[in-house]
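Work through each task first, then check your steps against the solution.

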Amino acid sequence: MALYNFKKIMVVPTAKDFIDITLSKTQRKTPTVVHKHYQIHRIRHFYMRKVKFTQQNYHDRLSQILTDFPKLDDIHPFYADLMNVLYDKDHYKLALGQINIAKNLIDNVAKDYVRLMKYGDSLYRCKQLKRAALGRMCTILKRQKSSLEYLEQVRQHLSRLPSIDPNTRTLLLCGYPNVGKSSFINKVTRADVDVQPYAFTTKSLFVGHMDYRYLRWQVVDTPGILDHPLEERNTIEMQAITALAHLRAAVLYVMDVSEQCGHTLQEQLELFNSIRPLFANKPLIVVANKCDVKKITELSEENQACDRLLADRVENKMKGKKVHDVLNRLHLAMPAKRDDKERPPFIPEGALIRKRAMEVDAPKRRLERDLEVELGDDYILDLQKYWDLMNEEEKHDRVPEVWEGHNIADYIDPDIMKKLEDLEKEEELKERAGEYDSDDESEDEDMQEIRVLAKQIREKKQLLIVQSKDKDVHGPRMPRTTTKVERKKLEKEMGELGLDMNDKDDSHYAQQARRSRSITKKRKREASAPPTSKTRSQSASRPPRDQSGIRDPKMAKKAKKMMKNSQKDMNRQGKKGEADRHVFDLKPKHLLAGKRKSGTNDYR
Amino acid sequence: MRIEKCYFCSGPVYPGHGAMFVRNDCKTFRFCRSKCIRNFKKKRNPRKTRWTKAFRKASGKELTVDNSLEFEKRRSIPVKYNRDLWEKTVEAMKRVEEIKQKRQARFIMNRLKKGKQLEKEEAITEVKKNIHLIKAPHAAKQMEAKMVQKLQEDVDMGDEDN
């Protein structure tokens, strides 16, 4: 059974407030920034989160309301009846039911829209879905407006109910209105109930506490009861009736002897008889009030009431089933002897020795500490003496740990000698098989010669490369045939290559290599016309450019003048030729330094 | 005291050197120097980093399966100290080490034999192709001719004498 604390029920907000709170929370607690260009899954996730967050919030708050409010079946029947009287059981249950339905509807809405959101393909669609979802949830809640208002009122009233413990010792005051019940409770307890001359001053139950015989007693003050049948009773009277019906208390029926309440003794007696069935199983005291002389009598009546209640309670407890249960469980079992053998309790020897030692106060064995104290400065902690080895003399050996970069501990093996033997045998076999013979077969002379030659070739190659790199090339690279080869050099090179150059004094080396591009075919001597010197000289020598096509010296002079003219500018600027566009000074200081005075950017 | 193995390069980590890294799953990694640490942090695979022993073993450049290598391994069952066992072990260690070195060297030598063969062939082709850089092709003939002439002269001389 859940424990309800009527004072700690959460405030039930109005529908409008509820919606506002939740929506503003959604806005604050979820991320707010989303752009069209985000990846679609990110957009979806963003909006789904909002929907789920809102749903979660609603769900949480509604669940809390549902759990906070007491279930009429779970609480004490006194309270259940009281709440029924005050708030109408049906209405109450209906309101809570509506809240529950609303909660489920909200969950369903959220689920549906989250499912739909998975198919949203643009920011706009997802946003509309989210709007729709939130809108629907809020509409659902708007419809619960009346339930929420009702529950809020119930909560407020519930928290103000007096905390009557239905299980402790209670004294219940009942009787006609204005007979003096509230005055009595004011006198007896620290309660401060309104006492007024008009009837129905007390409109609900009030509780006071008092001490008697070192025990706490509750005194419950009820509103007055009038004499009419049950169906016609109003809410206020019903409270009193409920209290009477459910609280196991001593009932003090207060009667006004002086008839100051406005009702005769006869009427009061009639009332007493009519509600008598409610007094079954309860100790009853009829209190004659307002006898101004008889204060002491009142007190004595009170005592009696308490005593009688106590006695009643104790009796009930004893007769209750609980005691029997406890008694049944207590049973001392003794095993029955099956033969005559004595079986005394077993005490181990060590325990006996220790006990004896304790009594005799024998000296203890020698400790390490004693040794330390004895030796003083010479003491060295030697843990190796406790080692458990096969030979006692080896205890103080200095154990080698490392050899040449290897850990000895990695090699330790009881069968190491056997393994080593196997290895040695293997090694022997291998050696015999010739694995370890050095195979430096002496190569035959040919091969050696070849190697020598190869080495020379490689060296020569490198030399050629270096020479070619070292050449100073002035000007364009001309083909090899233009360079004149000196005789000495040729002879030297050929000599190095192994040819015999000793008797070459008479030989003619000079042969001009062909410089024409086309390969001239060798014609048969008979077929061709005998070569004349003119044609030869003509073909061999062409007129230079500045003389070809010029008729007379006058023209030549003019041509030369034109040439010189065109070269004037270039020469003045120190250019190498037409194509020389090199700028020696890209940023001349005299043009770029200084302030901008009146001038243009063309030449500043 | 123990000489550990570096996780990355498999080199020895002497006491007082290197560093140890402990991962969240409680696996420890020892390193011999910061070179190995930095490579490890860069998530390089030692089996692919050419200068490590792991690479050499994984790519078959060094002896991996051999009886002499089985002697050194971490044992999980400790053996109680026994003086003559320890002495014998130290002696055995020395001998095993010798054999191991021999075998490893032999393995590498075998691997490099192919290179010698290739070298030979290369020299032969080099000579065949580029002999003209050192010796003129003509020179041999000249020499021959000279030889022939000399012989002829000798023969003539001989005839004359006779």
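The exercises below use this predicted model.

**Exercise 1. Check the span of helix α8 (residues 235-246) of chain A, then list its buried residues.**

*Solution.* 
- Step 1: Helix α8 of chain A has 12 residues.
- Step 2: Buried in α8(A) are A:Glu237, A:Gln239, A:Ala240, A:Ile241, A:Thr242, A:Ala243 and A:Leu244.
- Step 3: Their cover includes α3 (77-87), β1 (170-175) and β4 (250-256) of chain A.

**Exercise 2. How are the rings of A:Phe69 and A:Tyr92 arranged?**

*Solution.* 
- Step 1: Over all chains, the structure holds 15 aromatic pairs.
- Step 2: In this pair the ring centres are 6.3 Å apart, and a pair needs centres within 6.5 Å.
- Step 3: The planes meet at 65°, and over 60 counts as edge-to-face, so the pair is edge-to-face.
- Step 4: A:Phe69 sits in the loop between α2 (40-68) and α3 of chain A, while A:Tyr92 belongs to helix α4 (residues 89-117), 23 residues apart.
- Step 5: A:Phe69 has 0% relative accessibility and counts as buried; A:Tyr92, at 2%, is buried too.

**Exercise 3. Describe the second largest pocket and its lining.**

*Solution.* 
- Step 1: The space in this pocket is about 1,200 Å³.
- Step 2: Of its 36 lining residues, the closest to the centre are B:Lys5, B:Ser10, B:Gly11, B:Lys57 and B:Glu72.
- Step 3: Sorted by class, the lining has 18 charged, 10 polar and 8 nonpolar residues.

Technical notes: Residues numbered from 1 in each chain as written. Chains lettered and ligands numbered in written order. Predicted model: local features only at pLDDT ≥ 70, side-chain atom pairs only at ≥ 80, totals over all residues. Heavy atoms only, no water. 1 Å grid on protein atoms, 1.4 Å probe; cavity = no way out; pocket = protein on both sides within 12 Å on 5 of 7 lines; lining within 4 Å. Points joined across faces, edges and corners; volume = space filled by probe spheres on them. Nonpolar A, V, L, I, M, F, W, Y, C, P; charged D, E, K, R; others polar. Helix = DSSP H or I, 4+ residues; strand = E, 2+ residues; numbered from the N terminus. Expected span 1.5 Å × (residues − 1). Buried < 20%, exposed > 50% of the residue type's maximum accessible area, 1.4 Å probe, protein only. Contact = heavy atoms within 4.5 Å. Phe/Tyr/Trp six-rings, centres within 6.5 Å; stacked < 30°, edge-to-face > 60°.
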